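Here is a short briefing on one protein model. Look at the structure first, then work through the points by topic.

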Amino acid sequence: MRIRHCLLIAGILLTLGLTAQNKQILYDFNEIPQSLSINPGVEADFEWYAGVPLLSGISAYGGSNAISINDIFANDGVDINIKFRERALNVLTPKDELSTTIQLEYLNGGFRSNDPNIFYSFGGYVEFDNIGYWPQDYAYLLYDGNADQLGRRYDLGDLKVRGSLVNVFHFGINKKVDRSLTLGARGKLFSAIADYSSSTNNGHLRNVEGQNNRIATNLNADLLLRTSGLRSLRNANNDDALSNEIIGRALFGGDLGLGVDVGFTYHLSERTTITGSLLDVGFIYHSGDAKSYSLNGNATVEGIEIDVLENFANLDRDFWQELVDEIEEIVPFDTDTKGYISFRPTKLYASIRNDFGEPVGNGSSENCDCTAGSSGGGQLRTKYRNSYGGQLYIINRPRGPQLALTGFYTRRIGNALALKGTYTIDKFSKTNVGLGMNLQAGPFNFYAMADNLLSYNNIAATNYASFQFGLNIISWGRK
């Protein structure tokens, strides 16, 4: 196999990492404190809670929407070059996504104010977010080259990639306005460790008939790559230096930014509720270690042209370097260290829920007062044993918004156990069945969730699989 084939395949598969974009199981799962992180306006019933450091919120998801590891590496007797061409190169399009997001919560807590209608939350987490789209024409160029492709136009705009490693500090306020309405907002301070973006590219590469040679190549390029923090991390000469650099940039030594989350819960009736939240409306200004690379211009070349009679005495000249210099003069490759602004990937959640069945914690034998709405001010809302409804999720991405639709059913078994099942349709799967569990043992709260369960019999063949889990300590004592 040619080395460039190996590099291309490896580069593509390395992007099939961990991501935790849509947390549809956690959303509106009120028994779990981390539900505040995706709707600051959720009905919080806690007196206070404290997440176990580094264990309160861990979530991961891996995959892509159009190709799986099994598609390429299955032991099916087919040559890997043939599989890559038939299952990737000839199938994927620039709309197909290869994305990665990892989020690790290292601090999370909350407490109720002297005003029982107000609840405060705070914490911090590290998030790595990366998205790239299949660079279709670049892949053809790397795999096949552009020989014998007269007239074919290779679109340089196929390259779209964006990623960041960010430390986030947040503080939120949740207020029960009245018996029907709860509002919430959370401010965020971003400290970026690293960032890269190349999502506004345009141009083309095309072979046409030449005048002096058989083929002329036309390059029209408007390419830009912005980075920040990468040089500092690369220049760290050992593991200790790298760790110190990452920690330093995470603790306000990196590029800083601001963001906000907002959300609400509103009861249309005693048993019907709507919710919504808008997350990560914010930006980061990159200035501390910024470096941008650009290629801009238009050139047509016909390769190396040698007139033997005219250049007979200088045939040892470096004609190739002269050609490269000529192209670089017409289409300059520039770098600069100007600062730039990046915007966070904004997310929108919405849901409608209908409750039914017997009340939980009202008139039952349980003595744990730990149902949603139990410690807020004003009239208390009844928590029911069963809930069902639908959810909407939208995230802003470089090629436009992505959305997912989820149907769910929640079952509460006493005050100790709650289960939530989901069915989600999105660009990654049409058969995504998920299950979440929340277990309350005295003050200890443990939750675990898994997504796309039907694929677990062969993880390598699935487009993705995900899980979430965490451990908290909760108090429901009344003031």
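A charge sits over a ring if NZ of Lys or CZ of Arg is within 6 Å of the ring centre and within 35 degrees of the ring normal. Keep that in mind for the first topic. The model is predicted. A search of the whole structure finds ten aromatic pairs, and the structure holds 14 salt bridges.

**Charges over rings**

- The charged end of Arg399 sits over the ring of Tyr133, at 5.3 Å from the ring's centre.
- Arg152 lies over the face of Tyr140, and the distance to the ring centre is 4.7 Å.

**Aromatic pairs**

- A pair of aromatic rings is described by the distance of the centres and the angle of the planes.
- Of the ten aromatic pairs found, one is Tyr27 with Tyr349, which is stacked at 4.8 Å centre to centre with 10° between the planes.
- This pair links distant parts of the chain, 322 residues apart. Tyr27 is in the loop between helix 1 (3–14) and strand 1 (48–51), while Tyr349 is in strand 15 (residues 347–360).
- Tyr27 and Tyr349 are both buried.
- Tyr120 and Phe171 also form a stacked pair, with 5.8 Å centre to centre and 25° between the planes.
- Tyr120 lies in strand 4 (residues 118–133) and Phe171 in strand 6 (residues 161–176), so the pair ties together parts that are 51 residues apart in sequence.
- Phe171 has a relative accessible area of 42%, so this residue is partly exposed.
- Tyr27, Tyr349 and Tyr393 are linked into a cluster by ring pairs.

**Strand 7 and its partners**

- Strand 6 and strand 7 (residues 181–198) run antiparallel and are joined by 16 bridges.
- These two strands form a hairpin, with four residues between them.
- Across this pairing, Arg162 stands opposite Ser197 in strand 7.
- Strand 7 also runs antiparallel to strand 10 (residues 255–267), with twelve bridges joining the two.
- Phe190 has Gly257 in strand 10 as its bridge partner.
- Three bridges pair strand 7 with strand 9 (residues 215–228), again in the antiparallel sense.
- Tyr196 stands opposite Thr227 in strand 9.

**Salt bridges**

- Asp129 and Arg397 meet through their side chains in a salt bridge (3.4 Å, N to O).
- Asp129 is in strand 4, and Arg397 is in the loop between strand 16 (383–395) and strand 17 (402–413), 268 residues apart.
- Asp129 and Arg397 are both buried.
- Asp261 forms a salt bridge with Arg186, and their closest N and O atoms are 2.9 Å apart.
- Asp261 lies in strand 10 and Arg186 in strand 7, so this pair ties together parts that are 75 residues apart in sequence.
- Asp261 counts as buried at 0% relative accessibility, and Arg186 counts as buried at 3%.
- The side chains of Asp280 and Lys188 meet in another salt bridge (2.7 Å, N to O).
- Asp280 lies in strand 11 and Lys188 in strand 7, so the pair ties together parts 92 residues apart in sequence.
- Both of these residues, Asp280 and Lys188, are buried.
- Salt bridges that share partners join Arg186, Lys188, Asp261, Asp280 and Lys347 into one network.

**A nonpolar patch**

- Leu258, Phe283, Tyr285, Ile341 and Phe343 make a nonpolar surface patch of about 520 Å².
- Strand 11 (272–286) and strand 14 (340–343) are the elements that give two or more residues to the patch.
- Tyr285 is found in strand 11 and counts as partly exposed, at 41% relative accessibility.

Definitions and conventions
Residues are numbered from 1 along each chain as its sequence is written. This is a predicted model: local features need pLDDT of at least 70, side-chain atom pairs count only at pLDDT 80 or more; totals for chains, interfaces and linings use all residues. Side-chain values use heavy atoms; hydrogens and water are left out. Rings of Phe, Tyr and Trp (its six-membered ring) pair if their centres lie within 6.5 Å; planes under 30 degrees apart count as stacked, over 60 as edge-to-face and the rest as tilted. Buried means under 20% relative accessible area, exposed over 50%, partly exposed in between (1.4 Å probe, protein chains only). Two strands pair if DSSP finds at least two bridges between them. Patches are made of residues with over 30% relative accessible area and no salt bridge: like charges are joined within 9 Å, nonpolar side chains (Val, Leu, Ile, Met, Phe, Trp, Tyr) within 5 Å. Accessible areas come from the Shrake-Rupley method with a 1.4 Å probe; for residues, only the protein chains shown count as cover. A salt bridge is a side-chain nitrogen of Lys or Arg within 4 Å of a carboxyl oxygen of Asp or Glu.
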